[in-house]
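Here is a short briefing for someone opening this structure for the first time. Please look over the sequence and the model before reading on.

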Amino acid sequence: MIAVPDTNSWDTMRSFNRVLAETNSGLSNFYIIIIVFVVSFIFKLNIKNQYLKIICFLIYNICMSFWKKPKKIGIALSGGGARGLAHIGVLKVLENEGISISAVSGTSMGSVIGALYCSGISIDEILKFINSNDWKRFVISTTFALPNLNALNSRRVDRVLYKFLQEKTFNDCKKPFCAVAADIVSKKKVVLKEGSLRDAIKASIAIPGIFEPLVRDGMILIDGGTVEPVPIGAIRELDVDFVIAVALNNVDRKEVPTSKTSIFSMIDLSLSMMTREIEIPYFPKADIIIQPKTGDFGAFEFGKASEIINAGKLSALEKMEEIKKKLS
């Protein structure tokens, strides 16, 4: 039996919200709106009968508990070079399943996909570009990215970014977006939320020795994967209450390393293992972790875009039941 609170203890009565919110109802939103309107009108009449006020207050709370507010879903997209194209597959599946994303954070390649998506470019448009001749030229330029020729490599990538983003800024985004970079001056993580989208991406993908760092406001910004490979902390800054993190699984591979494994494969696997150790502590801060199996693809294998995107789709589909259950 629930005790009726003191007539003067309105704060106590508001605690009923927490109990009522756990219940379910078949009432339609239309009837809820009508009831809430009537109760609100009664309150405006300045009724002197305290017990009637209590009854009205309880009715109001019951109605509001049935009127569920949609969760604001944020998605954190990790880095990974060409492997990051798996994010496209994940976003496509979420879109097809009616899961609406409210905000995006991106690290490295995740910042590229996130910026394009939040600027209003549809997943279908991105997929269309990947099948174009422009994409083939991009693949050639990235495949032959030359160490110590940072400026040349950066210009090649910037030409592709300009095709989509022109001079767009964060203010032009249709959804809130942020990109993660690392400042080697302060040795701290930097979450970019304002200014040029292209500059933010160039900072977030600036792998030392491959791309130019971005110099800005006394900072020297490099690839965000060095500080937050999966930007879960960053997405929490964008006022969301449900977080989906996409953390590429680049460690599990079909090929078992041997003494004859190439030095490049060993370096790549070593870096992937280091990245995993950095990102694991962030996982408890996310509600859902999606881990596309991308370990069998190289960081610069942009020519395998379709296969990598498909890996993202498969991993998202595997998690769909869990996502829907937690959102219900």
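This is a predicted model: local features need pLDDT of at least 70, side-chain atom pairs count only at pLDDT 80 or more; totals for chains, interfaces and linings use all residues.

Residues are numbered from 1 along each chain as its sequence is written, and side-chain values use heavy atoms, with hydrogens and water left out.

Helices (H or I, at least four residues) and strands (E, at least two) are DSSP runs, numbered from the N terminus.

- Strand β6 spans residues 219–223 and is mostly covered. Four of its five residues are buried. Buried means under 20% relative accessible area, exposed means over 50%, and partly exposed lies in between (1.4 Å probe, protein chains only).
- Strand β3 (residues 177–183) pairs with β6 in the antiparallel sense, over three bridges. Two strands pair if DSSP finds at least two bridges between them.
- In this pairing, D183 stands opposite L221 of β6.
- Strand β5 (residues 214–216) also runs antiparallel to β6, and three bridges join them.
- V215 has I220 in β6 as its bridge partner.
- β5 and β6 form a hairpin, with two residues between them. In the turn, D217 has a positive phi of about 50 degrees.

**Salt bridges**

- The count comes to 15 salt bridges. A salt bridge is a side-chain nitrogen of Lys or Arg within 4 Å of a carboxyl oxygen of Asp or Glu.
- Side chains of opposite charge can pair when their charged atoms come close.
- K189 and E228 meet in a salt bridge through their side chains, at 3.0 Å from N to O. This pair links distant parts of the chain: K189 is in strand β4 (residues 188–192), and E228 is in the loop between β6 and α11 (232–235), 39 residues apart.
- Is E228 buried or exposed? E228 counts as buried, because its relative accessibility is 0%. K189 counts as partly exposed, at 32% relative accessibility.
- D199 forms a salt bridge with K202, and their closest N and O atoms are 3.6 Å apart. The two are three residues apart in helix α10 (residues 197–204), so about one helical turn separates them.
- D199 is partly exposed, at 29% relative accessibility. K202 is also partly exposed, at 23%.
- R236 forms a salt bridge with D287, the closest N and O atoms being 3.4 Å apart. R236 lies in the loop between α11 and β7 (242–246), and D287 in the loop between α12 (263–279) and β8 (288–290), so the pair ties together parts 51 residues apart in sequence.
- R236 is partly exposed, with a relative accessible area of 34%. D287 is partly exposed as well, with 26%.
- One network of salt bridges that share partners joins D158, E167, R198, D199 and K202.

**Helices α5 and α6**

- The axes of helix α5 (residues 86–96) and helix α6 (residues 109–118) come within 9 Å and cross at roughly 40 degrees. Axes are lines fitted to C-alpha atoms, for helices over the stretch in contact, and angles run from 0 to 180 degrees between N-to-C directions.
- α5 and α6 are therefore oblique to each other. Angles under 35 degrees count as roughly parallel, over 145 as roughly antiparallel, 65 to 115 as roughly perpendicular, and the rest as oblique.
- H87, I88 and L91 of α5 make the contact with G110, I113 and Y117 of α6. Contact means heavy atoms within 4.5 Å.
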